[in-house]
Amino acid sequence: MNRIKLVNLLDDFGLGGVQKGLSIFESPAIKAVADCSTHAIRPDAIIAPALDADIIVTHFPPNWRRIAFLVSLRLRNPKARLVHVEHSYTGEWEDAYVPDKNRFRMMLKLAFSRVDQVIAVSHGQGQWLAEAASIAPHRLSVIHPYSMQGGLALVPDVDRPSIGPLTIGAYGRFHEQKGFDTLIRAFRLIGPDAGIELLLGGFGPDEALFKSLADNAPHIRFFGRIDDVAGFLGRCHAVAVPSRFEAFGQVANEAREAGRSILVSPVGGLPEQVGDAGLVADCATPEQLASAIRHFCTLNLARMGQAGRDATRGCGARRARQ
């Protein structure tokens, strides 16, 4: 049997969900049948490389310039199957950042017409893409990403503290997308006497803003960069994901794998991850989020955490097969 040659094209190697999601190509199931590599391209590239590949997977969001790149990619690799994974665009992102939706959706249609298959990273995103970009069902698939973080299954089950605060964790890029500003404001409303604390992990451009909003509140702690996700989640009793937009939300999946219940906003791929593992709540304002956190903390976090662990057991192998 001839081995498949697969090349991933990426223009941003910063920390984030896209980079983490590429780790699936190192899984034994994929390595058994394919030789996978990653090829860096410039963000402003128009001329595509000629590649020795059976499958070429693009991982950057399309724009008008990228249409020329995709045309070139097809011309210079006529025998390769072209697959695009859409990690970024969602209906909520469109509502927040696109002033001319007709023009934006025309760009999507032109870009996606240049590839053989489009992969959405959640069912919520897939439904929006099908309508926004007029993608025929046979050309659109949904495959949840997977970060292959080690040790999550070994994180001990939740034990609600008899002494000390209940810790809600949140982690990711310090960027407006993640809604951490609203989360911090919500905890300021909750106050330090409620027996609930926030442990916020990560770094990014909004770090100074977030620390200013926290204003040294004793029940809001900053953890810094997280290199050991399992270790961080072991410090938390539950996890909040109050994102303003989120194509999938790997943090929610990692939390469930670690047996941690999740409180998520109703955007993108977050609600479809909840099931019995947590709560979907309106996180639009600090007041709404504070109320949701208070209610969330009265629920059976251990039972929801176990439901999340059950739902994600074996998910890495399933996604590798997909």
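User: Which residues lie nearest the centre of the second largest pocket?
Analyst: In this predicted model, Leu-6, Phe-25, Ile-30, Ile-143 and Gln-322 lie nearest the centre. The lining counts 29 residues.

User: How much space lies in that pocket?
Analyst: About 630 Å³.

User: And the lining by class, how many nonpolar, polar and charged?
Analyst: The lining of the second largest pocket has 20 nonpolar residues, six polar and three charged.

User: Which helices and strands each supply at least two residues of it?
Analyst: Two helices do, H1 (17–21) and H13 (315–321). The strands are S1 (4–10), S2 (34–40), S3 (55–58), S4 (81–86) and S5 (117–120).

User: Switching to the open sheet of six strands. What's the order?
Analyst: S9-S8-S7-S10-S11-S12, and the pairing is parallel.

User: Why is one side of S9 and of S12 left without a neighbour?
Analyst: Strand S9 (220–224) and strand S12 (278–280) are at the edges and each has a single partner strand, so one side of each has no neighbour in the sheet. On average, neighbouring strands here are turned by 25° against each other, direction ignored.

User: How many bridges join S11 to S12?
Analyst: Three, between S11 (residues 261–264) and S12, which run parallel. Val-264 is opposite Val-280 in S12.

User: What does helix H12 touch on the sheet?
Analyst: Helix H12 (residues 301–312) touches S7, S10, S11 and S12, and its direction makes about 90° with that of S11.

User: Where does H10 lie?
Analyst: Helix H10 (residues 250–257) lies across S7 (166–171), S10 (238–241) and S11, and runs at about 170° to S10.

Conventions:
Residues numbered from 1 in each chain as written. Predicted model: local features only at pLDDT ≥ 70, side-chain atom pairs only at ≥ 80, totals over all residues. Heavy atoms only, no water. 1 Å grid on protein atoms, 1.4 Å probe; cavity = no way out; pocket = protein on both sides within 12 Å on 5 of 7 lines; lining within 4 Å. Points joined across faces, edges and corners; volume = space filled by probe spheres on them. Helix = DSSP H or I, 4+ residues; strand = E, 2+ residues; numbered from the N terminus. Nonpolar A, V, L, I, M, F, W, Y, C, P; charged D, E, K, R; others polar. Pairing = 2+ DSSP bridges. Axes fitted to C-alpha atoms, helices over the stretch in contact; angles between N-to-C directions. Contact = heavy atoms within 4.5 Å.
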